[in-house]
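Please read it with the structure open.

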Amino acid sequence: MNPARRLSAFDLTVIGVLLGAAALLGVLIWRGDQVGLQVVAMTPADGSASVSTRSQLTVSFDQPLDAGSAVRFTLDPPVDGQVQIIGDRATFIPQALQADTAYTVRLEAGVRGANGRTLAEARVWRFTTGRTQAIFTRSSEGREQLFVAPIPSETVAPGELPTPTPLMQSQQGSVWDYAVSPVDGRIVFSALTETGSSNLWIVAPGGEPQLLLDCGVDFCSSPSWSHDGELLIFARRNASEFGAAAVNPPRLSIMHVASGELAPVFADSQKLGFEARWSSDNRWITYLSPDFIGIGVYNLESGEERFYPTQAGESAPWQPGQTRFVMNEQRILGERSAIHLFLVDPIADTRVNLSGEQAMVEDGAAVWSPDGEWIAFRRNITEGPDATLTKQLWLMRADGSDARPLTTDAEIDHGPPSWSPDGRSLIFHKFPLKGPDIVISVWTLDVETGEQQQIASPGQRPQWLP
Amino acid sequence: MICAGLVDLPDLAYNRRMFVDKPQVAPPTDSVIPPTPPTASLRSRWLRWLLTVLLAAAAITAVFYDAFVNGDGLPYLYQRVQTFVTIFLGIFIEAAPFLIAGSIVSGLIAVFVDQSAIDRYLPKAALPAALAGGAMGMVFPVCECGVVPVVRRLYEKGLPLSIGIAFLLAAPVINPIVILSTYSAFGWGSVFVGRIVFSFLIAVVVGMLFSRARPEEVLLPAVCQAHHDACCAVHDHSHHLPSAPLGQRFTQAFNLAGDDFFDMARYLIVGSMLAAGMQTLVPQSALLAVGQGPVLSVIVMQALAFILSVCSTVDAFLALAFAGTFTTGAVVAFLVFGPMVDIKSSLMFLSIFQRRVVAYLIVLPLMLSLLMGVWWNLNLGW
């Protein structure tokens, strides 16, 4: 008997349905992916204005990316930079965005997800950077206030400087410290209240300050933005029966700025820390550890920890694009002490003395240039004919070579420097030790030519904005 | 009485000869069915034994090879046996309460449900029947273990084939308990909606297909006999005792429930052992390692669903653990296919359906849920 004839109508129907389903499956597979890799968000957003020239361009996808995928960003006007793929995000880290410029960004098609799905069409969006300004603090109405001043494009005599604009009102308190978002120039500042506590405030360029976190009787300070501008780590000191909040030990908290959601950084509530600094990939932080007396290094994803003892008490900034940071540490050389800068790689567990093993110097306030190739820092030479009581600004390469002074005025103490987003200039304050009228003033310095320009007087603790 | 002769038929080929080749010639009611040719029966039996021995030998070889070549000998073997026992007990203990519940429902149906009511109220046309079957889970909230005795009892009460099949496939998902557990695992979203909608659709489609079948080519002879008698009111197999005292009726119902439980438990034990054996021999990590891509991920999750044999009331929480690793289509396929068919339920289907039909009941949901999962991945997102 023919086997086909032994099948009933029902059997044939079932076989027909199965064959039809198999054929449909074939057609589906042949047509392939109809959705592609989906873009969930872009930072800066399309059409955004006054974008920080320090911004990184981030595209978030609906699934993790293949780490080996070709991701190509092109900017108009052209800007060089590096591409970083972490999880479901591709980030373009530009070398230098120009101030007050309209940019068109194009992310080319073909970005591949970890499971093979690709971006079907190129994505194009636009944003405009803001004007370069300086933000600094100045005493006004008996309180330390935040002010903003434009950076002149040409040399301006001190008497012709434009009047700085206040960024806050005195009722918001007296500024303790502040941090500028690397993405959009928003500023978070801690402000002291009459009772000795301090709250966190946030202000967008051109906007009014908003209370970000009411810390109650606690003392919140040392805010530090993540490089994507989404998270903020700050130190919180609780008031106790034994003393006011400001003198109690600090603990690190992390906040999602958009939602206000808060969490302690460490699972162990007894662990202390302040002055946190984020690594470029936002995975690691350094912080000052009062209980260990040194720099703590902590991986926010894995919980991995390292400690590097130091009594210098300065924060440790990360090298852009690398998982290395610079810190300073006291050294005993003979009968004298010195403070040297060290480049530390917590993964390889290496430390390199950048100041020179026998250098009789006190180095500190190191800051990385945006491209991560140079370090600007404060130094005073403590021995020899060049010894000074004041701090001068110095520059050296990331490996400690080519160290050279940028300022040589022994009568002026130079404050901590801050790099301009294009990596050409530094901004800092000057504190003259002599003179009939001692006023702290804000200055910029062209790293290439050494030319200096006063921005505001009085003023101190300046940063670039945006 | 068309099913009468099937009771003693050991061979499927004979069934086909009887109903397909010569359907118009029904044997006389009291006729003696000619016995199966001994040579064919012997060959078939030998083949079956040979296949069983070969499979067992392959499994034992795999275990010993694993133990003495890849592992460290007897301790490794002991560990594997322990793993097998743990998994077996896990599956059996998880399923047994639901089987008891299903058996009790089955006993209650046998005694309290009037078969004429089934005939009167349930639709006969293919689509309405399949739709009704798909929705019946909301009335009989049972998982894939409990639904089998209920369906068998309903078939004995004369339930149309398509309703029973749709109910069998849909009830493990389309019931309040599983809907709630899926909601608590995944919340209101695409996975939750996808599971319910596609489970219902596939159950209805397969149910409609079975409307083209005759009971005698689908059901086991004993079930078919009762089904036919119920349909034609030839003989009362229903145990329906409307005039008996309530206590007596409950006693009868629980007696029948006990019979059903022990009858089904055989299949459940063998099915659980098979599932435990598969999980011992095929580690999940081996499947997970290859489970990427829009097609392969769905196939792997279907294989996992079949092998793991997790009860549909809790499988959403297991699927949640896979949500980050696998594509969404694959997770939905796991949630749709697993409750319909797995190793233990496939074995239990053998207590109702002929083997060929059990194969259909595995392959049809497999293919349709694969189609659904791949479509989902390629058109809605992974």
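Predicted model: local features only at pLDDT ≥ 70, side-chain atom pairs only at ≥ 80, totals over all residues.

1. Local features are drawn from residues with pLDDT of at least 70. Side-chain atom pairs count only at pLDDT 80 or more. Totals for chains and interfaces use all residues.

2. Chain B overall. Chain B has 17 helices and 0 strands. It has 382 residues, and 47% of them count as buried. Take the contacts in chain B between residues at least 6 apart in sequence: 84% of these join residues at least 24 apart.

3. Helix α7 of chain B. How many residues of α7(B) are buried? The count is 10 of the 10, so the helix, residues 161-170, is largely enclosed by the rest of the structure. The buried residues include L161(B), I163(B), I165(B), F167(B), L168(B) and L169(B).

4. What α7(B) packs against. Its buried residues pack against α5 (126-135), α6 (147-156), α9 (190-210), α15 (328-340) and α17 of chain B. Keep α17 of chain B in mind for the next point.

5. The contact between the chains. Chain B puts in 25 residues and chain A puts in 24 residues. On the side of chain B that touches chain A, the elements giving two or more residues are α1 (12-21) and α17 (355-379) of chain B. Which of them gives the most? It is α17(B), with 11 residues. By class, this side of chain B has 17 nonpolar, 5 polar and 3 charged residues. So much for residue counts; a general remark on interface size follows. The size of an interface is often given as the accessible area lost when the parts come together.

6. Strand β7 of chain A.

7. Partners of β7(A). Strand β4 (residues 73-76) of chain A pairs with β7(A) in the antiparallel sense, over 4 bridges. Here V105(A) of β7(A) stands opposite L75(A). Strand β8 (residues 123-129) of chain A is also joined to β7(A), by 6 bridges, and these two run antiparallel. In that pairing, T104(A) has R126(A) in β8(A) as its bridge partner.

8. Sheet β1-β3-β6-β5 of chain A. This is an open sheet of 4 strands with antiparallel pairing. The edges are β1 (39-43) and β5 (81-86) of chain A; each has a single partner strand, so one side of each is left without a neighbour in the sheet. The twist averages 15° from one strand to the next. β3 (residues 57-61) and β6 (residues 89-94) of chain A pair over 4 bridges, in the antiparallel sense. S60(A) has R89(A) in β6(A) as its bridge partner.

9. Sheet β20-β21-β22-β23 of chain A. Again 4 strands form an open sheet with antiparallel pairing. Which strands stand at the edges? They are β20 (274-278) and β23 (305-309) of chain A, each with a single partner strand, so one side of each has no neighbour in the sheet. The twist here averages 20° from one strand to the next. β22 (residues 294-299) of chain A pairs with β23(A) in the antiparallel sense over 5 bridges. G296(A) stands opposite F307(A) in β23(A).

Methods. Residues numbered from 1 in each chain as written. Chains lettered and ligands numbered in written order. Contact = placed C-beta atoms within 7 Å. Nonpolar A, V, L, I, M, F, W, Y, C, P; charged D, E, K, R; others polar. Pairing = 2+ DSSP bridges. Buried ≥ 20, exposed ≤ 12 C-beta atoms within 10 Å, placed from the backbone. Axes fitted to C-alpha atoms, helices over the stretch in contact; angles between N-to-C directions.
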